[in-house]
Amino acid sequence: MKTILIVEDDQHLADGLIMNLEAEGYQVMHIDNGLQALEAFERGQFDLVLLDIMLPGMDGLTICKKIRAGGSTVPILFITARDQTEQKIEGLLAGGDDYITKPFHVQELTARIQGIFRRQAWLATEETVAGSYEWEGRKINFKTYEAEGPGGKFVLTRKECMVVKYLVEREGEVVSRDQLLDAVWGYHIYPTNRTVDNFILKIRKIFEEDSKNPVYFETIRGVGYRFWGKRS
């Protein structure tokens with residue numbers, strides 16, 4: 001049974017989430033304070049964190065950053081208010097896996113959770129690309145999220161790893177931003193395509209000699225991106 005940590009200070013909303021997620025077969029723990037949530041996370045073993053952004057004690061973005069800084073790759077799904085577009089993007093760049101905007105239907109939330117677990121399983125498969133991939137002195141491990149390039153060694157977020165894997169699996173093919181959004185985030189409606197561009201910028205800083213003149217992660221103007229591994 002998968003265990004979900006709900007961090008939400010709206011007790012009415014939390015009660016509904018607990019009831020519905022337990023009915024879906026998940027084991028649930030609820031915390032209504034940011035500081036206490038981080039302590040609970042460090043003590044427990046969770047398969048997913050459902051994390052509100054606005055919280056007493058410590059906000060959700062800070063909690064996410066601390067969880068990632070500690071090396072955890074547990075999926076994090078943000079609960080956001082409708083007018084928090086910038087925070088949504090910031091949260092995803094900080095290592096969040098997805099977000100859902102209040103008010104939302106429980107069916108949408110459970111679909112998002114199932115999608116996260118499904119994409120997590122895809123990242124772990126080795127049907128088209130092995131668990132690690134190397135090219136021209138660069139390497140990435142899709143299981144540990146460790147990456148190495150001219151800029152040194154890094155630990156990627158799950159989304160960054162998924163973007164690289166999707167492009168590597170289609171080496172030489174032009175991949176649109178919509179394809180990446182659908183494959184990595186699981187749906188087409190998203191704040192802006194700028195989010196994908198931000199992820200690519202970070203990936204280039206790791207794997208390219210000169211991120212402003214990329215060799216491996218090319219921009220296809222007006223469409224998206226193309227990965228070329230071995231150029232020689």
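This is a predicted model: local features need pLDDT of at least 70, side-chain atom pairs count only at pLDDT 80 or more; totals for chains, interfaces and linings use all residues.

I began with helix 2 and helix 3: helix 2 passes helix 3 in a right-handed crossing. (A crossing is right-handed if the near helix is turned clockwise from the far one by less than a right angle, left-handed if anticlockwise.) Helices here are DSSP runs of H or I with at least four residues, strands are E runs of at least two, and both are numbered from the N terminus.

Residues are numbered from 1 along each chain as its sequence is written, and side-chain values use heavy atoms, with hydrogens and water left out.

Back to the pair. The axes of helix 2 (residues 34-43) and helix 3 (residues 60-69) come within 10 Å and cross at roughly 20°. (Axes are lines fitted to C-alpha atoms, for helices over the stretch in contact, with angles from 0 to 180 degrees between N-to-C directions.) That makes helix 2 roughly parallel to helix 3; the cut-offs are under 35 degrees for roughly parallel, over 145 for roughly antiparallel, 65 to 115 for roughly perpendicular, and oblique for the rest. I listed the contacts, meaning heavy atoms within 4.5 Å: Gly 34, Ala 37, Leu 38 and Phe 41 of helix 2 meet Ile 63, Lys 66 and Ile 67 of helix 3. By class that contact has five nonpolar, one polar and one charged residues. (Nonpolar covers Ala, Val, Leu, Ile, Met, Phe, Trp, Tyr, Cys and Pro; charged covers Asp, Glu, Lys and Arg; the others, Gly among them, are polar.)

**Helix 6 and its partners**

How do the axes of helix 6 and helix 7 cross? They come within 10 Å and cross at roughly 125°, with helix 7 spanning residues 177-185. That makes helix 6 oblique to helix 7. The helix 6 side of the contact includes Met 162, Tyr 166 and Leu 167, and the helix 7 side includes Leu 180 and Trp 185.

Next I checked helix 8 (residues 194-207), whose axis comes within 10 Å of that of helix 6 and crosses at roughly 80°. That makes helix 6 roughly perpendicular to helix 8. Among the residues in this contact are Val 163, Val 164 and Leu 167 of helix 6 and Ile 203 and Phe 207 of helix 8.

**Core**

The largest nonpolar core has 54 residues, and Leu 51, Ile 140, Leu 167, Leu 180, Phe 207 and Phe 217 have the most contacts inside it. (A core is a set of buried Ala, Val, Leu, Ile, Met, Phe, Trp, Tyr and Cys residues joined through side-chain atoms within 4.5 Å; buried is under 20% relative accessible area, exposed over 50%, partly exposed in between, with a 1.4 Å probe and protein chains only.) Helix 6 (residues 158-169) gives the most to this core, with seven residues. A second, separate core of 16 residues includes Ile 6, Leu 17, Tyr 26 and Leu 48.

I found a cis peptide bond joining Lys 102 and Pro 103, omega about -10°. Pro 103 lies in the loop between strand 5 (98-101) and helix 5 (106-124).

Tyr 145 is not a glycine, yet has a positive phi of about 70°. Is Tyr 145 buried or exposed? Tyr 145 is buried, at 6% relative accessible area. Glu 136 also has a positive phi, near 45°, but is partly exposed at 31%.
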